[in-house]
Amino acid sequence: MKNIVLLASGSGSNAENIIKYFRKKKISHNFHIITNKKDAFVLERAKNLNVSAEVITKKQNDEGVLLDRITELKPDLIVLAGYLLLFPAEIVALYPNKIVNIHPALLPKFGGKGMYGGFVHDAVVANKETETGITIHFVSEHYDEGAVIFQAKTPVSETDTALEVANKVHELEYEHFPKVIEKLLND
Ligand code: GRF
């Protein structure tokens, strides 16, 4: 049984999908959810899934609260699943290759500060890309720059809207993110 800390800032559909994946396979890990937004829907999901959850704001991150909590939780893996804040560098330094993020595009394209959620898919459409995808990578002290663990692609047609692109990308996320996490836990 491993300790997995999931961080999400909004909806948390990836966090839910990851928890359900392991439950379906009857693999019991300890999950704990942290969000930086007190009204994030991921808190609702946590309640429904019967998973512990808490809010740690950006201000608290700056005060070292996140570091203290992570230290207490003794995570085997820290998973950023739609977490929009830059992850504190002092935590990154303490957990080499134990913090993973998912980015909804094919890095190094469409990454960096401000490139999240709908902004990424808008840019993919505006740029007339013929494909997009997901990148799962280790977290470094810079946005979207850590070593790539896994990528998967999906085609983008000329008529696709940003919302349609987002849906395709979400499908890839749901399919692959739990499997990559499972593999990392077993390595
Ligand atoms: C995902 O597309 C993820 O790649 C990105 O933020 C989105 C989060 O979606 N970083 P959800 O909160 O898991 O539904």
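A polar contact is a pair of N or O atoms within 3.5 Å; within protein, one atom must be able to donate a hydrogen and the other to accept it, and residues adjacent in sequence count only if both atoms are side-chain atoms. The model is predicted, with local features requiring pLDDT of at least 70 and side-chain atom pairs pLDDT 80 or more, while totals for chains, interfaces and linings use all residues. Residues are numbered from 1 along each chain as its sequence is written, and side-chain values use heavy atoms, with hydrogens and water left out.

**The ligand and its contacts**

Select glycine 12 together with the ligand: a backbone N or O atom of glycine 12 lies 2.7 Å from a ligand oxygen atom. Then display glutamate 173, which places a polar side-chain atom 2.3 Å from an oxygen atom of the ligand. The protein covers 88% of the 370 Å² of accessible area that the ligand has on its own (Shrake-Rupley method, 1.4 Å probe).

**The surrounding shell**

**A cis peptide bond**

Move to leucine 107 and proline 108, which are joined by a cis peptide bond with omega of about 10°. Proline 108 is placed in the loop between β5 (99-103) and α6 (117-126). Most residues other than glycine have a negative phi, and most peptide bonds are trans.

**Two positive phi values**

Select asparagine 50, in the loop between α2 (41-49) and β3 (52-55). Its phi is near 60°, a positive value in a residue other than glycine. Asparagine 50 counts as exposed, at 71% relative accessibility (exposed: over 50% relative accessible area, 1.4 Å probe, protein chains only).

Finish at lysine 74, in the loop between α4 (65-73) and β4 (77-80). Although lysine 74 is not a glycine, its phi is positive, about 45°. Lysine 74 is exposed, with a relative accessible area of 58%.

Technical notes. Helices (H or I, at least four residues) and strands (E, at least two) are DSSP runs, numbered from the N terminus. Buried means under 20% relative accessible area, exposed over 50%, partly exposed in between (1.4 Å probe, protein chains only).
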